[in-house]
Every structure is written in structure tokens, then in C-alpha cells.
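Hi there,

Here is the structure we talked about, ready for you to open. Have a look around first, and then read on for what turned up.

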Amino acid sequence: MSVNVVELVKKGGIFINVDASSPEEVYKIVSEKMQLPEGVSSETVCEALCARERIMSTAVGNSIALPHARTPVIKDEVDQRICIVYLNKPIDMHAPDGIPVKTMFIILTQNSQTHLQVLSKLVGLFQKAQFKKLLDERVSEAELLKAIEEMA
């Protein structure tokens with residue numbers, strides 16, 4: 001099965017100008033705003049993201065972080081999602097390159113195999129200067145989805 005990043009982002013949504021001063025604040029805000037499947041609470045998602053962040057930063061460099069839960073909080077394949085978060089102000093998440101995070105891709109998948117496929121596709125996108133430029137410009141959801149479809 002091939003992962004469709006566009007469909008995952010459509011399910012998760014794009015959150016623009018999220019105003020927070022820590023990753024934990026971001027996770028609380030976004031988990032309360034995102035549409036979650038029945039039986040999955042915003043508190044469960046928030047705590048799972050915070051727990052993972054306490055182990056090690058999910059910042060990957062180039063002002064991007066890939067928050068995710070250590071163990072899946074999503075049970076069904078159809079409920080998997082990626083939430084893209086544009087932060088109002090960059091947050092220092094101790095990225096390997098020292099650059100504060102401006103964009104997060106919150107990944108909620110049902111198993112580690114799908115998670116790794118999503119990571120692989122996202123890393124491929126992040127390596128493209130054109131995609132990175134779109135993130136820096138904070139383009140609209142439609143433009144970003146079109147770019148993912150073309151480049152992934």
C-alpha cells in the first residue's frame with residue numbers, strides 16, 4: 001500500500017499562524033482544533049505528542065519538526081492524518097541545525113510501517129528547494145496540496 005500524503009493532509013488540515021511559545025502549547029491548541037475520529041480525545045493526542053517530545057525533540061532541521069506519538073493513537077487506517085502547522089513565531093525545539101521551528105507536520109498513523117512511509121515521503125519533499133520555499137511563504141492549503149501531489 002502506498003501512502004497518499006495529500007489525502008492525509010486533507011484529513012488533518014493546515015493550521016495557520018498558531019500562536020504558542022512551546023511545542024506542548026502547539027499540541028494542545030492543534031489537538032483541540034483538529035477533527036479526531038470517534039473514541040480518540042484531544043487530551044489523548046496531546047499527551048501522546050508531549051510524551052514523545054519529552055523523550056527527544058522532533059525538530060529535524062530547516063525550521064521543520066515532525067511531531068508524532070511513540071505508540072499509535074489512531075486505530076483505523078481511514079483515520080490517519082497529517083496536520084500541517086504554521087507557527088506565528090518560531091519555537092526553539094533544539095533542532096540539530098539550531099534553527100527554530102516554523103512549520104510542524106504532526107503525523108498520526110495507525111502503525112510504524114505507515115509512519116515510516118509517511119516520513120520517507122515527507123523527507124523527500126523537504127529535500128526539494130521549491131517545496132521548502134512554499135513552506136517559508138506559507139502558501140494556501142490548495143497550493144501546498146497541489147505541490148505535494150506534484151512533487152511526492
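Searching the whole structure turns up eight salt bridges. Please keep in mind that this is a predicted model. Side chains of opposite charge can pair when their charged atoms come close.

Next, find D19 and K89, a salt bridge with its closest N and O atoms 3.2 Å apart. D19 is in the loop between β1 and α2 while K89 is in strand β4, so this pair ties together parts that are 70 residues apart in sequence.

Then there is D136 with K102, where the closest N and O atoms are 3.8 Å apart. Because D136 belongs to helix α5 and K102 to strand β5, the pair links parts 34 residues apart in sequence.

Now for the pockets. The largest pocket has a volume of about 170 Å³. Its lining consists of 13 residues, with A69, R70, T109, S112 and H115 nearest the centre. Which helix gives the largest share of that lining? It is α4, with three residues. By type, the lining divides into six nonpolar residues, six polar and one charged.

Enjoy exploring!

Best wishes

Key:
Residues are numbered from 1 along each chain as its sequence is written. This is a predicted model: local features need pLDDT of at least 70, side-chain atom pairs count only at pLDDT 80 or more; totals for chains, interfaces and linings use all residues. Side-chain values use heavy atoms; hydrogens and water are left out. On a 1 Å grid over the protein atoms alone, a cavity is a set of points where a 1.4 Å probe fits but cannot get out, and a pocket is an open set with protein on both sides within 12 Å along at least five of seven lines; lining residues have an atom within 4 Å of a point. Grid points are joined across faces, edges and corners, and a volume is the space filled by probe spheres set on the points. Helices (H or I, at least four residues) and strands (E, at least two) are DSSP runs, numbered from the N terminus. Ala, Val, Leu, Ile, Met, Phe, Trp, Tyr, Cys and Pro count as nonpolar, Asp, Glu, Lys and Arg as charged, and the others, Gly among them, as polar. A salt bridge is a side-chain nitrogen of Lys or Arg within 4 Å of a carboxyl oxygen of Asp or Glu.
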